[in-house]
Amino acid sequence: MSGSSRDVVQARNVHGGIHFHTQGKPDRGSTASPTPRQLPADVSGFVNRTGELGELNAVLTSEDGGPLVVSAYVIAGTAGAGKTSLALRWAHQVRERFPDGQLYANLRGYDPGEPVAARDALHHFLTSLGVPADAVPQDLDAAAALYRSLLADRRVLVVLDNAASVGQVRPLLPGSAHSLVLVTSRSRLSGLAVRDGARRLTLGVLPEPEAVALLRAVTAGYRPVDDEMQLAELARLCARLPLALRIAAERAASHPHLRLSDLIADLRDESALWDALSTGDDEEAEAVRTVFAWSYRALSEQAARLFRLLGLHPGPEFGLHAAAALAGSTSSSRTRQLLDSLVGAHLLEQTAPDRYQFHDLLRAYAIDQAQHEEPPAEREAALYRVLEWYLHTADAAQSWINPAEDRLTLPPVPGDVSPLTFPDYDAAVDWAEREHANLLQAVRTAADARQDRLAWQLSAVLWNAQFPSASGTSWPAVGRIGLEAAERLGERAAQGVLLTWLGMAHTRINRLAESLEYHENALMIRRDLGDRLGEARSLNLIGLNHLRGRRLDAAARHFEQAIAGFQEQDAAHWAATALSNLATTHYRAGWLPEAATVIDQALAAHRALSDQRGEGNILRVLSDVRREQGDTEEALVFAQAALDIALGLRNLRLEGFWLLTVRDAQQAKGQFAEALTSYQRSATLHRRLADRSREALAWQGVGEVYCRLGRHAEAADFYCQAASTHRDLGDEWHQALALDGMGLAVLGESPEEARRHWTQALRLLADFDDPRAVAAREDIERQMAEVS
């Protein structure tokens, strides 16, 4: 290799992993990482807490970007003590000290609904840091490792609000001394201090002078100057907790002509009622509930009704139209007016235009009020309306996000529900992303309410209405909930649909045994129902599972049966897809004439359908066949055409996979520097996609190139890494091929070691009987005979 070529890619074994170093042009598609600015708005009327702000400032060092004193800081304290307000005030004050951005996530650890999982928070952070959505690893550890890598050389402030457990927080720690995680929690999270060196600040209630100052700050300009003693009394009734103080101050500010003594008397009467109902175990909590009740009872009848119905919403954050569905209102403007009154009373927070959320304590209070004041029939009707609204709106979103999939046959929209429609793809995706957590929770809520029809339909529609960057791990749990609901109803067709989606979901997260079981159960149901198209789809998906496990005869049988079924049903798109899968199977088995025949059929079918993705996939197989037939020029042309399609589709998964074909063609033409660059790009993409198998195939390709260049020690390193990964994944075929390569790489230095690698490879290949496997065994046996 020439000196210039040698600089293109170098490899070394670092901490057990292969690292590539490229000089010259950057990777294709590389862009500067964005700088996230995710902090919510600073808190208006924030007063005092100067001592606590000083403690937080102590973690900062010099302004030259030096290491921080700690990388994690926990603000702990009772509910309503103002932990979030303190965290946001400090974060805004010091944000310039973190020039690479600020990340924020509300982990909702104490919300009445589901807390945010660390995996979902990581997905949000990684996409905010510039990782394409389909490149976010599904595995939690892999995602956390990528997150730490991205933050390693950056100075970022990460605010994790309302964490309930160490498990929610630890995967989100940056792992460097330049970034800081600021956590708020009702728990002390002692494990973070013990294991991760976190510092903790425990936030108590406000001292009386500071509580009075907060009341004055909120009421300033709305009321005449109130008596200091009376303000102190009001502060005591609020247990000097900032949340309760703000609600009380908003009530006072909205009634400027009422004497403060009258408001205090009213609150004291409310307190007496709560005292009678209280166990006295938690005086601060009782004081907060007293203030909630005092403010709630001052609402108009319609606003109070909306407040308690909002407690029935599946999630703590919602939009105007979901609120209207709960209220059974067809007037968005009237619903907006009522929401504005709740925001004005500090019982609800507005987070964006027509977007609102509860404080977790207020949501719990709203739920309690709904349970006590709304008749059961009214609660059930409100919940039914909002779930139907989500179902029909998600169905409208699917028509843009995944139009190729059949839409469910849904019941008519109830007369008092007005689902959204979308003008274009982007609007549908924006809604699906904004409502994803609520849609997941809607499935759980429907099942808990024994609304089984809604539970299975919501989960099925959600599969096809997920926004493109949704985490692949979020849907399977609600898919199983939907399946259980369909089973309770005896809805066999619905079970077949959900089993199919569950099979596909588990393939995406590399759980192939479970995927196969789901697909086989779906096939059985579809055969029982006489659903020929569904049966053909299940056969095709089972064939793909066998193909990934190199059970090639079984894969071919299933694809052939699927093709016949699709052709019988005039399903041209699916028939072309199954033809491509069959062609891939023939090629991998070494049946090249059969592969070439099917390739021609599949390519013509995809082009007739203007199916670019399908065309690119079959061009990839055609390139492999032409390469093995000795036509390296055509092989490279076809491979590059496939890669161009992937780039045009902006699909990193396809780009990474089809790059493996490009590099095989480049290597066959002797374009070694170009092949190494393609391998590097493929390995990088597959690492980001957490596809260890294809990453290892890229390493294996580098080993082949280095062997051909006579750089045997480097080749052995890459082959070793590939073989180890294939072994971990249970992929005996590719492990055997990597061991064969290792034998060639070490042959000159140690013939005995080469024989050991080849002997192990032969053991692994013993159970494969396809032509390619037979040829591989014969080749290894010939090599062993030559060195004996």
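**Group meeting: sheets, a helix pair and one buried glutamine**

Let me start at a turn. In the hairpin of β9 and β10, 2 residues lie between the strands, and D354 takes a positive phi near 60 degrees. Strands here are DSSP runs of E, at least two residues, and helices are runs of H or I, at least four residues, both numbered from the N terminus.

A word on the source. This is a predicted model: local features need pLDDT of at least 70, side-chain atom pairs count only at pLDDT 80 or more, and totals for chains, interfaces and linings use all residues. Residues are numbered from 1 along each chain as its sequence is written, and side-chain values use heavy atoms, with hydrogens and water left out.

Now the overall picture. The protein has 36 helices and 10 strands. Its C-alpha trace spans about 100 × 65 × 40 Å along the principal axes. Of its 788 residues, 54% count as buried. Buried means under 20% relative accessible area, exposed means over 50%, and partly exposed lies in between, with a 1.4 Å probe and protein chains only. Next, contacts, meaning heavy atoms within 4.5 Å. Among those between residues at least 6 apart in sequence, 67% join residues at least 24 apart.

Strand pairing needs at least two DSSP bridges. β9 and β10 pair in the antiparallel sense over 3 bridges. E349 has Q357 in β10 as its bridge partner. On the other pairing, 3 bridges join β8 to β10 (residues 355–357), again antiparallel. There, G319 stands opposite R355.

β3 (residues 72–77) pairs with β7 in the parallel sense over 5 bridges. V74 has R200 in β7 as its bridge partner.

Now a helix pair. The axes of α35 (residues 751–765) and α36 (residues 771–787) come within 10 Å and cross at roughly 155 degrees. These two are therefore roughly antiparallel, a term for angles over 145 degrees. Their crossing is left-handed, meaning the near helix is turned anticlockwise from the far one by less than a right angle. Among the residues that meet are W758 and L762 in α35, and I780 and M784 in α36. The contact residues divide into 8 nonpolar, 2 polar and 3 charged. Nonpolar covers Ala, Val, Leu, Ile, Met, Phe, Trp, Tyr, Cys and Pro; charged covers Asp, Glu, Lys and Arg; the others, Gly among them, are polar.

Last, one residue. Is Q441 buried or exposed? Q441 is buried, at a relative accessible area of 11%. Its place is in helix α19 (residues 436–448). Leaving out residues up to four places away in sequence, Q441 touches E114 and P314.

Terms used: Axes are lines fitted to C-alpha atoms, for helices over the stretch in contact, and angles run from 0 to 180 degrees between N-to-C directions. Angles under 35 degrees count as roughly parallel, over 145 as roughly antiparallel, 65 to 115 as roughly perpendicular and the rest as oblique.
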